[in-house]
Each structure stands twice: as C-alpha cells, then as structure tokens.
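Student: I would like to go through this structure and ask what stands behind the words used for it.

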Amino acid sequence: MLPLLRTRVPGPLSRVLARQLRQHECWNTTFVSPDWPIFWERARGSNVWDADGNRFLDLTAAFGVASVGHSNPRVTTAARRQLGKLAHAMGDVHPNELKVRLANELSALTFGRWLAKSEIRNPKSKILFSNSGSEAVEAALKTAMLATGKPGVIAFTGTYHGLTYGALDATAWNYFRAPFHPQLPGFTVHVAPTESAVRAAFEQSKRGIGAVIVEPVLGRGGVVVPPPEFLPMLRRVCNEHGALLIADEIFTGFCRTGRWFAVEHWGVVPDLICVGKAMSNGFPIAACIGRSDVMDAWPESTGEALHTSTHLGNPLGCAMALAAIGEMKRLKLDDRTRRLQDRLPGRGLGFMKGVKLPDAAVCHRVVQRLLRRGIIALGGSERGNVLTLTPPLTISEKELRFATEEISCAMR
Ligand SMILES: Cc1ncc(COP(=O)(O)O)c(C=O)c1O
C-alpha cells in the first residue's frame, strides 16, 4: 500500500507524545524537534501507521529488523502461540526446546552450508545466544580471547559494532567513543581497510592480535561495499597470524544483501559470525555463531556460565526467529532481493543501499521531506551524508517504484 497522510507530519498526537517523552526519557535518547519524530502505532508489510492515522512506506525495516515484513502473519502466529505457552524459561539452567531448534537452524544456515562442500566431514558450529547485536559482538570478542590467548583486535575505520563497552571499543566512530574514552578497554586498533594497514597492525602489536572484526558491507557507516579482494585478503592474513576472522553480520545477515550472509558474495568463511536484527523480525535476540573447534575454547560449564544473561535464548524470541527464517526460505528472499536490487537507487548490495549526498544538512532535509511525503528513511555514515535505504525484503515492486520516484523528488 502506498502512503496516505491524514494530518500534517508529525501530526498533533505525535507532537504531544514527543513533549511528554522528553520529560520522562533521558533526553539524549529520542531526538525531538518540531518536525520529528512520528509515533508508530502499528505496521504491516512495508507500511507503518502513526498515532495520528497517517500511513507511511517504511524504507528502513526499522533499523533492518523487519525483513520479512512488519507483523508478518506467520511470525505473529508463532509469537502468539508461544506467548500462550511459555514467555520465558531459564536460559542457561533449565532451557526451552526452541533454543535447541534455533541453534540447529543457525548452525545449518551458516557453517553447515559453508563447509558442506569442504573436506571437513562433519561441519559443526556452536552458538552463544544474546539479547542484542552489541552483546553478540561482546561474545565474539571474548571467544577470540579464549581461543587465541591474544587480547588485541583489529577493526576498521568507519565501522559500527555496537555501544556496550567491548563492542564500543571495536566501533570506530569518534562520536560514540569520545565521551567514554577514559573507560574504554583499548584492546582495539582501528586501521584503514587496506592490506598494508592490516599487516602493519599485526606486526606492530605488542600484546598480540587475536581477531579481526569486519562488517562485510559497512552499514551504519554509509553502505560501503569493499573491493572484491578485501575479505579474501583478511581471511588470508588472519590465517597467517593465527587470528580469528569475525564477520559482524548483524545488519547484513539474513538475505539483506541478496545472499543469506554477505560473506557469501566473496566465498569467505569467517571463524565467528555475529547475527541479530532481522533474525527474529522484531524480538531482541542475537547470536554469535562459531566453528566448534573455536567455540570449544570456552570451558565446559560446571554450573556457572562465564557468559550469560537472564533472557538468554528466550523462547518467544526463538519461536519468532524460527518463523522468520522459515519465511525467508519460503519466499526465497535471498534470490528475490538479488533480482530486485537495482530497483532501489544508490550504492550497495541487495536491499542495503546508500545514496551519497553533499553533506549532513542536505541529507537531513531529504529525510524530513520524505517523511512529510509519507516515506520513512534514515541518514547514515559518520558524516551523516548518506541516505540509507533498507526496506523490508518483502516490499512490493509497486512500492519500490513509488519510493524511487519520491526519493528523486525529495532530492531536487
Ligand atoms: C553492524 C552492526 N553491528 C552491531 C550493531 C549493534 O546491534 P544492537 O543495536 O542490536 O546492539 C549494529 C546496530 O546497528 C550494527 O549495524
């Protein structure tokens, strides 16, 4: 369905709610101005309705989460059923069956598929579940420490890996790091994405580099696709130095770029992969998945897990993730996204596109104009000058045509 605006945007109810929120929520969190935000009330497919009854076309999938469409009927049914049975179990003590099923599914989708054609006879992997992408990154960093004994990590300029302290250490954006710099652990070296910079970082490290963490396609950093030799080079250099390659696919995973996982564009198998966002289509659940021999660096539990949390492997999240993955398979969203990728403007892969604009002010203006025309989009990149387009992967061809026309109008 195409947008339908009943009131000006933001409408009166959204404005009242914004004023109230500002009084009660930490004012650093939600940006409030006379033309921002709208308050979402419900959503279906690629459409969002706000508190004032306006209908919008969502070109963000709400931060890349709603890949199989908002309120996807099969995911919703799975969630309802599970909610009626069991909303919470004892994650690392007395868990629920769905955690087993999801772990099997994630293993099969990643290392199972990747290593099926290799010489490894029984390609096994293991999972560490978590509640957010940042925590999945924390789990990967801890795994690398245990598996290699080397604390150093190489990450790349422009990358975003999350904001909890371990993940923030790997995140490159100075904006997020600067206020907390004195508290950051400082195990990460940030380098330019070139072979010589990576090799120099390995050679100069005094404490030893145990991992290289990479976003296969820079997401929040402005949708930047690396040159074809970049990921294979990282794989080679990690092998030479006995370091792990961590693919942060929290944004790019689950068909977003037109492959199940973005590393598949370059045929690279990482040692660890972090996933989240679209995995459940809307429940906060994420995971770090690794080859068994790497994950077995964690000591076997004797009753007290070294890394866990209260909601780990939540059954509602597992039920939604299993249903969402089922939808991606049923609708062949990897193929569909690849087939339709050119219908969205900008650079990028699949339905992860970025339109570079002169500066942040222009980008902000385009985002505001689009909102007033009934389209939800976001700005991205460290400079804030990239219009970022990551719609639900189920977006219709008519909606794609409409979006493209509106974007070119808004940029004029
Ligand atoms: C590549 C990448 N890694 C990590 C994260 C952090 O995930 P979360 O916001 O769920 O903690 C994000 C979030 O946008 C991301 O895009």
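Predicted model: local features only at pLDDT ≥ 70, side-chain atom pairs only at ≥ 80, totals over all residues.

Student: Why is Leu349 called buried?

Tutor: The relative accessible area of Leu349 is 16%. Buried means under 20%, so Leu349, at 16%, is buried.

Student: Where does Leu349 sit?

Tutor: Leu349 lies in strand β11. In β12, its bridge partner is Met352.

Student: What makes β11 and β12 a pair?

Tutor: Two strands pair if there are at least two bridges between them. β11 and β12, residues 352-356, have 3 bridges, so they count as paired. The sense of this pairing is antiparallel.

Student: Which strands form the sheet, and in what order?

Tutor: The sheet is open and has 4 strands, in the order β11-β12-β15-β14, with antiparallel pairing.

Student: What makes β11 and β14 edge strands?

Tutor: β11 (347-349) and β14 (378-380) each pair on one side only. From one strand to the next, the twist averages 30 degrees.

Student: How do you know that helix α13 packs on the sheet?

Tutor: Helix α13, residues 360-372, touches β14 and β15 (386-389). The direction of α13 makes about 40 degrees with that of β15.

Student: Which residues does Leu349 touch, not counting those up to four places away in sequence?

Tutor: Among them are Val217, Val225, Arg256 and Trp266. A touch here means heavy atoms within 4.5 Å.

Student: What separates Leu349 from Met320?

Tutor: They are 29 residues apart along the chain, and their C-alpha atoms are separated by 26 Å.

Note on methods
Residues numbered from 1 in each chain as written. Heavy atoms only, no water. Helix = DSSP H or I, 4+ residues; strand = E, 2+ residues; numbered from the N terminus. Axes fitted to C-alpha atoms, helices over the stretch in contact; angles between N-to-C directions. Buried < 20%, exposed > 50% of the residue type's maximum accessible area, 1.4 Å probe, protein only.
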